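Hi,

Here is the structure I said I would pass on. Have a look at it first, and then read on for what turned up in it.

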Amino acid sequence: PDDLWEEKLEHLRNFWKVSSKARESASYQCSWNKCGRHLVEKALQNWGKPVKDGEVAPEYPTEACLFGLEVAEKAIDLPELLVKCHHKIETLKDLENATRWVLET
């Protein structure tokens, strides 16, 4: 489930630290690129929304989004992801903020 990505981010981060130092770390990079892309794409889709129903929306970009950028290295085309996800951002203000972040990152 998608909500586990945010909830278990600490464990995911620890696993990434261990696997990135392993001798076979290059073998894992493709998976980490996909993981990072997923986290960033999810954050863009949910920009301005709470992670869970009934909660206050977190500060965006979320920690999971920033972690996604870190693990994916240069494998993410942020403008492309924003174009793909922009229709899911609910308010013009949130779309402006997401666009500003993408262009500044």
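Let's start with Trp16: with a relative accessibility of 16%, this residue falls under the 20% cut-off and so counts as buried. Keep in mind throughout that this is a predicted model.

What does the ring of Trp16 pair with? Its partner is Phe67: the two ring centres are 5.9 Å apart and the planes stand at 85°, which makes the pair edge-to-face, since anything over 60 degrees counts as that. Trp16 belongs to helix α2 and Phe67 to helix α4, so this pair ties together parts that are 51 residues apart in sequence. Phe67 is buried too, with a relative accessible area of 1%.

That pair is one of five aromatic pairs in the structure. Another one joins Phe15 and Trp32, with ring centres 5.7 Å apart and planes at 45°, so this pair is tilted. Phe15 sits in helix α2 (residues 9-21) and Trp32 in helix α3, so here the parts tied together are 17 residues apart in sequence. Are these two buried or exposed? Phe15 is exposed, at 53% relative accessible area, whereas Trp32 is buried, at 7%. Taken together, ring pairs link Phe15, Trp16, Trp32 and Phe67 into a cluster.

Leaving aside residues up to four places away in sequence, Trp32 touches Leu12, Phe15, Trp16, Ser19, Phe67, Val71 and Ala72. As for Ala22, its C-alpha is 14 Å from that of Trp32, and the two residues are 10 apart in sequence.

Next, helix α4, where Phe67 lies. Seven of the 10 residues of α4 are buried, so the helix is largely enclosed by the rest of the structure. The buried ones are Ala64, Cys65, Phe67, Gly68, Leu69, Val71 and Ala72.

After α4 comes Glu73, which has a positive phi, near 55°. The other detail is in the loop between α3 (25-45) and α4 (63-72), where Pro61 is placed. The peptide bond joining Tyr60 and Pro61 is cis, with omega about 0°. For context, most residues other than glycine have a negative phi, and most peptide bonds are trans.

How do α3 and α5 pack? The angle between α3 and helix α5 (residues 78-85) is about 45°, and their axes are 9 Å apart. That angle makes α3 oblique to α5, and the crossing of the two is right-handed. On the α3 side the contact is made by Arg37, Val40, Glu41, Leu44 and Gln45, and on the α5 side by Leu78, Glu80, Leu81, Leu82, Lys84 and Cys85. By type, the residues of this contact divide into six nonpolar, four charged and one polar.

Cheers

Notes: Residues numbered from 1 in each chain as written. Predicted model: local features only at pLDDT ≥ 70, side-chain atom pairs only at ≥ 80, totals over all residues. Heavy atoms only, no water. Helix = DSSP H or I, 4+ residues; strand = E, 2+ residues; numbered from the N terminus. Axes fitted to C-alpha atoms, helices over the stretch in contact; angles between N-to-C directions. Parallel < 35°, antiparallel > 145°, perpendicular 65-115°, else oblique. Left-handed = near helix turned anticlockwise from the far one by under 90°. Contact = heavy atoms within 4.5 Å. Nonpolar A, V, L, I, M, F, W, Y, C, P; charged D, E, K, R; others polar. Phe/Tyr/Trp six-rings, centres within 6.5 Å; stacked < 30°, edge-to-face > 60°. Buried < 20%, exposed > 50% of the residue type's maximum accessible area, 1.4 Å probe, protein only.
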